[in-house]
Amino acid sequence: MTRLTTPFGFHSTAREVVEGVDLTGKNAIVTGGASGIGLETARALAGAGAAVTLAVRRTAAAEPVAAELRQATGNPAIDVRSLDLSDLRSVKAFAEAWQDPLHILINNAGIMAVPEFETTPQGFELQFGTNFLGHFALTVGLQRALVAAKGARVVSLSSTGHLFSPVVFDDLNFDFVPYAPIVAYGQSKSANALFAVGITHRWAEDGILSNALHPGAIATGLQKHTGGLKTPVERRKTPEQGAATSVLLAASPLLKGVGGLYFEDCNEAMRVEKRPTDFTGGYAAYAVDPENAERLWKRSHTLISEGV
C-alpha cells in the first residue's frame, strides 16, 4: 500500500504548509491554543484567514496571547473560550455554547507523564481523561457544528509515545496494572490515534474526516514532568515546525478526502513492528486498527454518559 506523501517534511513550518491557502469564512477551534505548538497552529490558521477560537483552561493568561495574534496576523477574529478537558462538565458547557458551523477542530491540548496516579473530577485516570476522553466528549458534542460546515476536519494529536502502550481495554484506569506515567501517556495517545479512525469511519458520509499525527519532539511545557526532552538535538523541532503537520492536516488541499491515517513530519508515517530505540518514530498497528477504534468509540460513549 502506497504511503501518502507531500512536498513538505521534517523542517517545514506551519506557515509554509498553509501558504497560498485561503481559510476566510472558516471557523477553527484549537484546544490548548495559547501556548506551545497550539499557539503556532492558531497563528498559522489565523494568518490564512480563519476565525480561530483558543479553547484553554486559563483564559486570563490566554487573552494577551490572543491580542498578540490579532496584531501579528491582522486578523481580528481570534477568540478565547474556557475549556478544562479534564472535567466533562466544562467540556459539555463549551460544546453546548458553540453555535457556529465548525470547519476545523484541532484536538491539541494535552498533559504528559503525570508522576503519580491522579484522576479527573469524574474519576478517570488523568492522562486518559484529559488527552483523549475530554477531546472525545468535545468532538461528539460538536458533531452538529462539524456537520453544518459541510466539509470538516478533525485533527487528533497523538505521539510516538503511543508506542509505549496500546489502549488497555480491560484496565483503562490502572485498577490492576501498577500505574506508570509513560504507559498512561502512551495509552492516551494510542486512543487519540484510534479516535481519528473512528471519526472517519462513522462520520465521513457527513463530510467529517480526521487524521492523527505525531508533531515531533518540541521543547514546551509538556515535558515539565520528564525533566525536559530526551530526544537528540538533531531530531528536535521548533514550535513552528512542530505545528506544521497539524496545520497540514487541518487546512491543506493535499489532504482533501483523506481520513483515518497517522502522520509525522508532514507525511503518512511508516508502520513499525516494534518500538524503535533511535527516535525514528512510526506507528503501531494497534493504533489504527478499525476493531480497536470501534471498541474504543463504544466504550467512550458509555464512559462520558456515565461521567457527567
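**Figure 1. Charged side chains over aromatic rings in the predicted model.** R275 lies over the face of F164, 4.2 Å from the ring centre. The charged end of K237 sits over the ring of F10, at 5.0 Å from its centre. A charge is taken to sit over a ring if NZ of Lys or CZ of Arg is within 6 Å of the ring centre and within 35 degrees of the ring normal. The model is predicted, so local features need pLDDT of at least 70 and side-chain atom pairs count only at pLDDT 80 or more, whereas totals for chains, interfaces and linings use all residues. Residues are numbered from 1 along each chain as its sequence is written, and side-chain values use heavy atoms, with hydrogens and water left out.

Figure 2. Rings of Phe, Tyr and Trp (its six-membered ring) pair if their centres lie within 6.5 Å; planes under 30 degrees apart count as stacked, over 60 as edge-to-face and the rest as tilted. By this rule the count is 11 aromatic pairs. One of them joins F136 and W297, edge-to-face, with 5.2 Å centre to centre and 80° between the planes. This pair links distant parts of the chain, as F136 belongs to helix α5 (residues 126–141) and W297 to helix α10 (residues 290–307), 161 residues apart. Helices (H or I, at least four residues) and strands (E, at least two) are DSSP runs, numbered from the N terminus. Both F136 and W297 are buried, where buried means under 20% relative accessible area, exposed over 50% and partly exposed in between (1.4 Å probe, protein chains only). The ring centres of F174 and Y179 are 5.4 Å apart and their planes lie at 75°, so this pair is edge-to-face. F174 is buried, with a relative accessible area of 12%. One aromatic cluster is formed by F128, F132, F136, F195, W203 and W297.

**Figure 3. The parallel strands β1 and β2.** Strand β1 (residues 27–31) runs parallel to β2, to which 5 bridges join it; two strands pair if DSSP finds at least two bridges between them. A28 stands opposite V52 in β2. N27, I29 and T31 point one way from β1, while A28 and V30 point the other way, and all are buried. In strand β2 (residues 51–56), 5 of the 6 residues are buried, so β2 is largely enclosed by the rest of the structure.

**Figure 4. Helix α9 and the second largest pocket.** In α9, 8 of the 8 residues are buried, so the helix is largely enclosed by the rest of the structure. About 350 Å³ of space lies in the second largest pocket. Of its 19 lining residues, K26, G151, R153, A250 and A251 are the closest to the centre. β5 (152–157) and α9 (244–251) each supply at least two residues of this lining. The lining divides into 10 nonpolar, 5 polar and 4 charged residues; Ala, Val, Leu, Ile, Met, Phe, Trp, Tyr, Cys and Pro count as nonpolar, Asp, Glu, Lys and Arg as charged, and the others, Gly among them, as polar. On a 1 Å grid over the protein atoms alone, a pocket is an open set of points with protein on both sides within 12 Å along at least five of seven lines, a cavity is a set where a 1.4 Å probe fits but cannot get out, and lining residues have an atom within 4 Å of a point. Grid points are joined across faces, edges and corners, and a volume is the space filled by probe spheres set on the points.

**Figure 5. The largest cavity.** The structure holds 1 cavity of 30 Å³ or more. The largest cavity has a volume of about 40 Å³. Its lining consists of R153, V154, V155, L209, S210, N211, L249, L255 and V258.
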